[in-house]
Amino acid sequence: GKNEGKGQYRFFDPALSNTLNSRARLKQSMLEAIERDQFTLFYQPRVDVHSGELLSMEALIRWQHPELGIVSPAEFIPLAESTGIIVRIGEVVIDQACAQLAAWRDAGLRLVPVSINVSPKQFLRGGVQRQLSAALHRHRVPASLIEVEITESAMMGDHDEILAELAALRALGVKLHVDDFGTGYSSLSQLQRLKMDVLKVDRAFTSELGNSKEGKVFFQAIVSMAHALGMSVVAEGVETGEQLDILRGLDCNEVQGYYIARPVPAAGMQDMMQRRFLL
Ligand code: C2E
Ligand code: CA
Ligand code: CA
Ligand code: CA
């Protein structure tokens with residue numbers, strides 16, 4: 001009931017909601033969160049569309065706030081980007097992903113690549129390749145186990161800095177994913193010129209799959225062109241068995257979404273690595 005005590009109204013406690021309310025406070029608490037190790041990675045599996053075998057996973061950041069609980073990246077990534085703090089948070093993400101791979105290796109697990117999200121601001125500031133190669137070395141993890149996701153819109157600017165970082169990452173042996181594909185205006189030939197390895201088709205297109213013939217035709221066209229250009233295709237945001245069935249028919253490569261699994265902490269991912277076949 002409504003009057004069961006103060007604990008139920010935590011979110012509306014002015015002292016707490018103020019914590020994240022003002023930009024200045026949020027900025028300050030993000031800096032403290034870095035110092036206090038409050039950022040952590042969750043992991044979401046990507047599986048082979050036919051066999052359900054775990055092929056790779058995406059690392060997604062979470063903020064374990066002492067009073068607010070788990071804060072989603074939507075709440076803090078935009079301000080982290082506009083203030084430049086994303087560069088330091090990005091370094092935490094890179095280090096944690098490599099450390100986690102090393103821990104799983106030491107536990108004797110069969111490893112699959114982990115992809116990390118890198119924002120355009122990190123590329124523009126430079127140093128992503130340097131941070132990543134240092135972390136790989138520090139944790140003795142091969143570059144083939146880390147993949148980088150960059151949004152389609154971030155690549156459209158044609159910034160020399162971004163292109164240079166992408167080339168450096170590729171030279172290191174890191175695979176490159178185009179995130180949220182279909183939401184920007186890049187052409188597939190442009191992406192192929194940039195030697196992108198994987199297209200991650202935005203959730204908006206996956207959710208259209210069961211709804212209209214056009215949705216399916218559009219997705220099919222993306223898959224055929226991507227394959228013809230040597231890129232593989234991931235469908236994001238797969239939420240139903242019907243969507244999965246259609247994606248099997250389209251020969252999409254990998255699927256990711258709540259239907260297979262939600263993002264989970266490392267321990268939950270370890271269980272899935274041991275199960276290996278997730279469908
Ligand atoms: P994204 O890279 O497009 O990540 C996919 C988002 O969709 C994730 O939200 C994931 O939890 C969610 N998702 C996965 N499957 C489904 C599904 O079947 N249905 C629905 N409705 N959603 C699904 P999340 O974890 O809240 O992350 C949101 C965004 O925050 C990410 O979008 C990415 O842009 C950003 N982000 C997350 N982690 C990082 C990071 O470490 N660094 C940077 N720079 N950005 C990050
Ligand atoms: Ca992503
Ligand atoms: Ca995405
Ligand atoms: Ca997105």
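## Burial and overall build

Of the 279 residues of the protein, 46% count as buried (buried means under 20% relative accessible area, exposed over 50%, with a 1.4 Å probe and protein chains only). This is a predicted model, in which local features need pLDDT of at least 70, side-chain atom pairs count only at pLDDT 80 or more, and totals use all residues. Residues are numbered from 1 along each chain, ligands are numbered from 1 in the order in which they are written, and side-chain values use heavy atoms, without hydrogens and water.

The protein has 13 helices and nine strands (DSSP runs, H or I of at least four residues for helices and E of at least two for strands, numbered from the N terminus). Its radius of gyration is 20 Å, close to the 19 Å of the globule rule, so the protein is as compact as a globular protein of that length. That radius is taken over C-alpha atoms, and the rule is 2.2 Å times the number of residues to the power 0.38.

## The calcium sites

Which residues hold the calcium ion (ligand 2)? Glu 58, Asn 117, Glu 149 and Asp 179 coordinate it at 2.2 to 2.3 Å. Donors here are N, O and S atoms within 2.8 Å of the metal (3.2 Å for Na, K and Ca), and water is not among the atoms, so sites may look incomplete. Glu 149 lies in strand E5 (residues 146-151) and Asp 179 in strand E6 (residues 175-181), so the pair ties together parts 30 residues apart in sequence. Glu 149 is buried, at 1% relative accessible area, and Asp 179 is buried too, at 6%.

Asp 179 also bridges the calcium ion (ligand 2) and the calcium ion (ligand 3), which lie 4.0 Å apart. Asp 180, likewise in strand E6, bridges the calcium ion (ligand 4) and the calcium ion (ligand 3), which lie 3.9 Å apart.

## A helix with two faces

Now look at helix H8, where Ile 162, Glu 165, Leu 166 and Leu 169 are buried. Seen down the axis of H8, its buried residues fall within an arc of 100°, so they line one face of the helix; the arc is that of the directions from the helix axis to the C-beta atoms. Turned away from that buried side are the exposed residues Asp 160 and Ala 171.

What do the buried residues of H8 pack against? Their partners include helix H6 (128-138), E5 and E6, where contact means heavy atoms within 4.5 Å. After H8 comes Gly 173, with a positive phi near 105°.
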